[in-house]
Amino acid sequence: MGFQKIARGSVVTFVALQMLLATQLSTMAQAEMLSTGEVISRYETYANRVFLLNELDKQEVRDELIAMGVDPKEAETRLKALSNEEIASVLTQMENETAGGNGVVGALLTVFIILLVTDLLCLTKVFPFTRCAGR
């Protein structure tokens, strides 16, 4: 009887200890500190991906893709597979390539308009086709 009592007590203690360790280790939470920059970066990456997917949903873009021989569904699948760095690169290219051409054309147009206005105000005489407003 004494041996059974000791064996039963040690088995109960062993099982109780195992249950305690198993429940304690499984409920431990893994926490890490996130900086504000990391949180913003993660959200920005998500927002950029959603922006590109929304752009792909526009009818004009889909029509242009079809005209180029690209299946819009395939383009959407490939867009979803891009890494965060590739998404950032695509957005940078979109920002740098404006619809009206490059920055040189815009600068030349601005200079032309300024010279035209100064000619009309009789401040300069650059273009022979203008007349002064004061004369």
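**Notebook: helix packing and a pocket**

I looked up α2 and α4 in this predicted model and found them packed at an angle of about 175 degrees, with their axes 11 Å apart. Axes are lines fitted to C-alpha atoms, for helices over the stretch in contact, and angles run from 0 to 180 degrees between N-to-C directions. Helices (H or I, at least four residues) are DSSP runs, numbered from the N terminus. α2 and α4 are therefore roughly antiparallel. I noted the cut-offs: under 35 degrees is roughly parallel, over 145 roughly antiparallel, 65 to 115 roughly perpendicular, and the rest oblique.

Next I listed the contact, meaning heavy atoms within 4.5 Å. R49, L52, L53 and L56 of α2 meet P72, A75, E76, L79 and K80 of α4. I sorted these residues into six nonpolar, no polar and three charged. Ala, Val, Leu, Ile, Met, Phe, Trp, Tyr, Cys and Pro count as nonpolar, Asp, Glu, Lys and Arg as charged, and the others, Gly among them, as polar.

Before going on, I wrote down the ground rules. Residues are numbered from 1 along each chain as its sequence is written, and side-chain values use heavy atoms, with hydrogens and water left out. Local features need pLDDT of at least 70, side-chain atom pairs count only at pLDDT 80 or more, and totals for chains, interfaces and linings use all residues.

I turned to α3 (residues 59-67) and α4. Their axes come within 9 Å and cross at roughly 105 degrees. α3 and α4 are therefore roughly perpendicular. R62, L65 and I66 of α3 touch P72, K73, A75 and E76 of α4. This contact has four nonpolar, no polar and three charged residues.

Then I checked α2 (residues 36-56) against α5 (residues 84-96). Their axes come within 10 Å and cross at roughly 60 degrees. That makes α2 oblique to α5. From α2, the contact uses T45, N48, R49, F51 and L52; from α5, N84, I87, V90, L91 and M94. I counted six nonpolar, three polar and one charged.

Which residues line the largest pocket? They are L52, E55, L56, V61, A75, R78, L79, L82, V90, Q93 and M94. A pocket is an open set of points on a 1 Å grid over the protein atoms alone, where a 1.4 Å probe fits, with protein on both sides within 12 Å along at least five of seven lines; lining residues have an atom within 4 Å of a point. α2, α4 (72-81) and α5 each give two or more residues to the lining. I recorded eight nonpolar, one polar and two charged lining residues.
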